[in-house]
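Me: I would like to learn how to read aromatic rings in a structure. Please go through the contacts one at a time.

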Amino acid sequence: MKRLHTILTALALATAANAQIGAPYIHDPSTIAECEGKYYTFGTGGGGLISEDGWTWNSGAERPGGGAAPDVMKIGDRYLCIYGATGGGLGGGHAGRILTMWNKTLDPKSPDFKWTEAVEVCASDGMEDQDAIDPGLLLDPTTGRLWVSYGTYFGTIRLIELDPKTGFRVKGNKEKDIAIDCEASDLIYRDGWYYLLGTHGTCCDGVNSTYNIVVGRSRSVQGPYLDNVGRDMFHGGGKMVIAAGDRKTGPGHFGRTIIENGVEVMSCHFEADLDLSGRSTLGIRPLLWKNGWPVAGELFKGGDFWIESERRGYSLELAVDFVRMKQERQGWFNREQMQQPVKPIANQKLEEVIDTWPKGDIGVRCSDYMFRPWQHWTIIAHPEAGGRLTGPLYEIKIEGTNRALTATGALELTTREYAGEKSQLWWIEQLTDGTYRIMPYAIPGQEGLNTKYCIYSAGDSTPTLAEFDFNSDNSKWNFKKH
């Protein structure tokens, strides 16, 4: 029974490591917003989720008006909320209204928490080829203008402009059709391009939902939005950003969160998480940029790896003596060797070298990867220890041992017996270029948790701790299965 309990606990932690924990149940989540150190997202039907750290989510966010598919954005010192009051076939029709309202804070326990009266900014009459629902906000960083995309499969995706000071529709603004064949749209801007994210496929059918998120881009916020092969989204184009996977189906309602330069995540809901009773759940994934296109990364899951420096391609390893492998050598000049049977050579085993290692702390270095035991690391997720938007904490130890990578107060790296210390836990976060940064949870002698230092290649063979710099390959690492 004890062994069964251990197995079930391990399975539960493994499952939790691949998704936000707590009670992350939501449908049509708004883009994640930060307020006074907490994270918020709002969903269809009113209410939403709150997280202290971005990893553990529970209900508690409050939004009046009910309706569907809100979006939230901080503008100045206030938060603007936009949502669809009806439409989307709710109540059997497509007569929809989209409304905006403001609040000084998103914290329902704050004395300043009070939503303003909702104001209608657009509508559909249920007869035209349009459905006013599923709004997404973009505050253009180049012009300061505020845009909204909205609509469903029932008709077109439309674009309107709001006044960022009032949240009202800009006087005289005329809506423009920019896409078809999708819903739950969102607009983002990056490096001179405007991107239109749309949710394609079927909704609201649990494990049978085929929702997926596609994208097109344009040099103008008003389009046309073309995909990677030049198809216009107004004629059904769209490049895939994320589809079903990892036992989760139906990703929809894209949101982008920039944590810092080179570190971004995307949020969505999954129509059904097969590991969570098929419920609709909040999904957060690394957001990668490949050849100018957004694509969802995967949460790092741990396992057995060698860790490669992006700087040189060397392997992170224990600083121990090189132990030669035995081999029945044959000279290249032996003409008869080609007639002899092939004999595979086994990898060097841990037990063949571990007794040559010092018993106390052992430092680390980088060197050529040679399939050696001192270069092989086991990485284990510790979701119970905490996490943030980018994922849970991890333990990194030499495979087959309890010797764990540890941060020191001198901003150096060592390895010692794992004891669950905060300096032995690590963030492993995928960057927008697909590489990873590795950051200690805490550094001895420094107050609070570490948010600045990462494992850094100060030289080809010299790993240390230094400030993260996305523009330097010294800060970046890759994980290779062995």
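Me: Which residue lies over the face of Trp 193?
Reply: In this predicted model, Arg 217 lies over that face, at 3.9 Å from the ring centre of Trp 193. A second case is Arg 279, placed over the face of Tyr 25 at 4.6 Å from the ring centre.

Me: How is a pair of aromatic rings described?
Reply: Two values are used: the distance of the centres and the angle of the planes. Here the count comes to 15 aromatic pairs. One of them joins Tyr 195 and Trp 289, with 5.1 Å centre to centre and 65 degrees between the planes, and is edge-to-face.

Me: Where in the chain do Tyr 195 and Trp 289 lie?
Reply: Tyr 195 is in strand 15 (residues 193–200) and Trp 289 in strand 20 (residues 279–290), so this pair links distant parts of the chain, 94 residues apart.

Me: Is Tyr 195 buried or exposed?
Reply: The cut-off for buried is under 20% relative accessible area. Tyr 195 has 1% relative accessibility and therefore counts as buried. Trp 289, at 8%, also counts as buried.

Me: Why is the pair of Phe 300 and Tyr 394 edge-to-face?
Reply: Their planes are at 75 degrees, with the ring centres 5.4 Å apart, and planes over 60 degrees apart count as edge-to-face. Phe 300 lies in the loop between strand 21 (293–296) and strand 22 (303–309), while Tyr 394 is in strand 26 (residues 391–398), so the pair ties together parts 94 residues apart in sequence. Both Phe 300 and Tyr 394 are buried.

Me: Which residues do ring pairs link into a cluster with Phe 300 and Tyr 394?
Reply: Phe 305, Tyr 436 and Phe 479 are linked with them by ring pairs.

Methods
Residues numbered from 1 in each chain as written. Predicted model: local features only at pLDDT ≥ 70, side-chain atom pairs only at ≥ 80, totals over all residues. Heavy atoms only, no water. Phe/Tyr/Trp six-rings, centres within 6.5 Å; stacked < 30°, edge-to-face > 60°. Helix = DSSP H or I, 4+ residues; strand = E, 2+ residues; numbered from the N terminus. Buried < 20%, exposed > 50% of the residue type's maximum accessible area, 1.4 Å probe, protein only. Lys NZ or Arg CZ within 6 Å of the ring centre and 35° of its normal.
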